[in-house]
Amino acid sequence: MEKDKKTARNIVRSYVRYLKLERNYSPNTLEAYQHDLRHLLDYCEREGKEPLALKLEDLQHFAATIHELGIGPTSQARILSGVRSFYRYLLLDGYIDNDPTELLESPRLGEHLPEVLSTEEVDQLEDSIDLSTNEGHRNRAIIEVLFSCGLRVSELVNLKYSDLFLEEGYIRVLGKGSKERLVPISERAIHELDNWRSVRNLMVIKPGEEDYVFLNRRGAHLTRTMILIMIKRQAEAAGIAKTISPHTLRHSFATALLEGGADLRVIQALLGHESIGTTEIYTHIDTSTLRKEILEHHPRNKKK
């Protein structure tokens, strides 16, 4: 078959084009898939084998080698997930007749519950911000929008004024796979955005950046790293001992909704999760909260 004559490099290039054009993956996701696939290509090079010729036992040996390299279980599972995606593409596009990853197992992962903040802790975080600076108003608006709308940090940095429908109480979010969703925005978040805009209007903005909501002091839109650093510094200033990130505020948004009685399907839609299984992690968080309450407050558990 003509496709069998293609080099591994050409096959990977076609695969990445497929992820980009047909799956609409973002540049960051594409980079992650290519990085993880590099482990498999390095293995093939060491073993003197072609990716198209690998069998299940070869891939099981590959899985053992990445374990021996000291790569953690979560990263191993992610790498093997990327390998499965690669072989599904090879089968779909006719490079191979059978998928050798069908019976390939991933390492077992323990249940990991993400860190969350209470509403009081979010208020504590916001109250610690110095509002005498332009960045202070911006940072307060960022934290409030992340908590009130449950955005991914990548969605926040790409948020534009043309995406805001504040009179109607909604914002338009461009999520993973370029999928759009409408998310309600709270009055509190609208208030913080208005405060930031009054400051932002006095800034010199770089050409082409005018529509981005959140800018740095040089008038260009923020990066994910800038927001991560800001939130970590603000948590330290607020005296919050938890290890938090922008994603913590997204988790906190979902947990607050669940504890308030929101339906899991509604939370799935608001977060932009493709699968309900991804959203179900929050049921574990809620269960752990209930257990803590029982241990602390039920008379059978109180220590004399």
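Guide: Let's start at F214, which touches R138, A141, I142, V145, L156, L159, L193, W196, A220, H221 and L222, leaving aside residues up to four places away in sequence. Contact here means heavy atoms within 4.5 Å. Before going on: this is a predicted model, where local features need pLDDT of at least 70 and side-chain atom pairs count only at pLDDT 80 or more, while totals for chains, interfaces and linings use all residues. Residues are numbered from 1 along each chain as its sequence is written, and side-chain values use heavy atoms, with hydrogens and water left out.

Back to F214: together with I171, F214 touches the most other members of the largest nonpolar core, which has 48 residues. By nonpolar core I mean a set of buried Ala, Val, Leu, Ile, Met, Phe, Trp, Tyr and Cys residues joined through side-chain atoms within 4.5 Å; buried is under 20% relative accessible area, exposed is over 50%, and partly exposed is in between (1.4 Å probe, protein chains only). Elements that each supply at least two residues of this core include α5 (119-127), α6 (134-149), β2 (170-174) and α8 (187-200). Helices (H or I, at least four residues) and strands (E, at least two) are DSSP runs, numbered from the N terminus. The biggest giver is α6, with seven residues. There's also a second, separate core of 29 residues, with I11, L19, Y87 and L90 among them.

A salt bridge is a side-chain nitrogen of Lys or Arg within 4 Å of a carboxyl oxygen of Asp or Glu. R188 and E126 make one at 2.8 Å, N to O, joining helix α8 to helix α5 across 62 residues of chain. E126 is buried at 0% relative accessibility, whereas R188 is partly exposed at 34%. R217 pairs with E135 at 3.5 Å, N to O; that one runs from the loop between α8 and α9 to helix α6, 82 residues apart, and R217 is exposed, at 66%. Shared partners also join D123, E126, D127, R140, E144, R188 and E192 into one salt-bridge network.

How far to trust it? pLDDT is the predictor's confidence in each residue, from 0 to 100, and the protein chain averages 85, with 87% of its residues at 70 or more. Helix α8 has the highest mean, 96, and α13 (residues 281-297) the lowest, 57.
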